Amino acid sequence: MADFDKDSMQCCLVCNTKIGLSTRNSIHIFDESYTISKKPLVDVISAVLGTDISHDSVHSPIICKKCFKQFNEADELKSKVTKLKTELYNSYKKTIEVHKLCDVLPNEEYNDHDYTDNTESQCTLIEVNCYIKLD
């Protein structure tokens, strides 16, 4: 499959659109092409398509600009999802630690009078006990 005619029209590896080999209309996937996250294009294509991409396994070594933009967007979205997951996980870990500290602190018993008359001070007490910055 790797026998490509350098002078002829090729088709996009993904959408099969006929395109020339000029860099204006196509991107060579095995050249030094990178996505927005600085990953090699061929690696992103392999990950998105779920298949190994090599010189020997493809019917075309190029993709069109439209498909390149889509792979670039997929890579960018994957990076954003990874970042969001990390942020959410870290927030969750901090919250769990705060709740563990709150559970360790002694709980005071309040009667009905405390709840009705000292509501503001109770909230402050809870905030002081539960909002501990972790480094």
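I started with burial: 25% of the 135 residues in the protein are buried. For me, buried means under 20% relative accessible area, exposed means over 50%, and partly exposed is in between (1.4 Å probe, protein chains only). I note that this is a predicted model, where local features need pLDDT of at least 70, side-chain atom pairs count only at pLDDT 80 or more, and totals for chains, interfaces and linings use all residues. Residues are numbered from 1 along each chain as its sequence is written, and side-chain values use heavy atoms, with hydrogens and water left out.

**Entry 1: the overall layout**

I looked up the secondary structure and found 4 helices and 4 strands. Along the sequence they come in the pattern β-β-β-α-β-α-α-α. Helices (H or I, at least four residues) and strands (E, at least two) are DSSP runs, numbered from the N terminus.

Next I checked the surface: the accessible area comes to about 10,300 Å², and 54% of it belongs to carbon and sulfur atoms. That area comes from the Shrake-Rupley method with a 1.4 Å probe; for residues, only the protein chains shown count as cover.

Then I turned to contacts, meaning heavy atoms within 4.5 Å. Of the contacts in the protein with a separation of 6 or more, 65% are between residues 24 or more positions apart.

**Entry 2: the annotated cysteines**

Which residues does the UniProt annotation "binding site" cover? The unreviewed entry lists C12, C15, C64 and C67. They span 56 residues in sequence, yet no two of their C-alpha atoms are more than 8.2 Å apart, so they gather at one spot. I keep in mind that UniProt positions are given in the numbering used here, feature names are shortened, and annotations may be inferred rather than shown by experiment.

I took three of these residues in turn. C15 is in the loop between β1 (10-11) and β2 (18-19). It is partly exposed, with a relative accessible area of 37%. Setting aside neighbours within four places in sequence, I see C15 in contact with C64 and C67.

C64 sits in strand β4 (residues 62-64). Is C64 buried or exposed? C64 is buried, at a relative accessible area of 7%. Not counting residues up to four places away in sequence, C64 touches C12, C15, I19, N25 and I27.

C67 belongs to helix α2 (residues 65-104). I found C67 buried too, with a relative accessible area of 4%. With residues up to four places away in sequence left out, C67 touches C12, V14 and C15.

**Entry 3: T35 and its partner**

I moved on to T35, which is in the loop between β3 (26-28) and α1 (41-49). T35 counts as buried at 5% relative accessibility. What does the side chain of T35 make a polar contact with? I found the side chain of D75, at 2.5 Å. A polar contact is a pair of N or O atoms within 3.5 Å; within protein, one must be able to donate a hydrogen and the other to accept it, and residues adjacent in sequence count only if both atoms are side-chain atoms. Leaving aside neighbours within four places in sequence, T35 is in contact with L41, V44, N72 and D75.

**Entry 4: R24**

Last, I looked at R24, in the loop between β2 and β3. R24 is exposed, with a relative accessible area of 69%.
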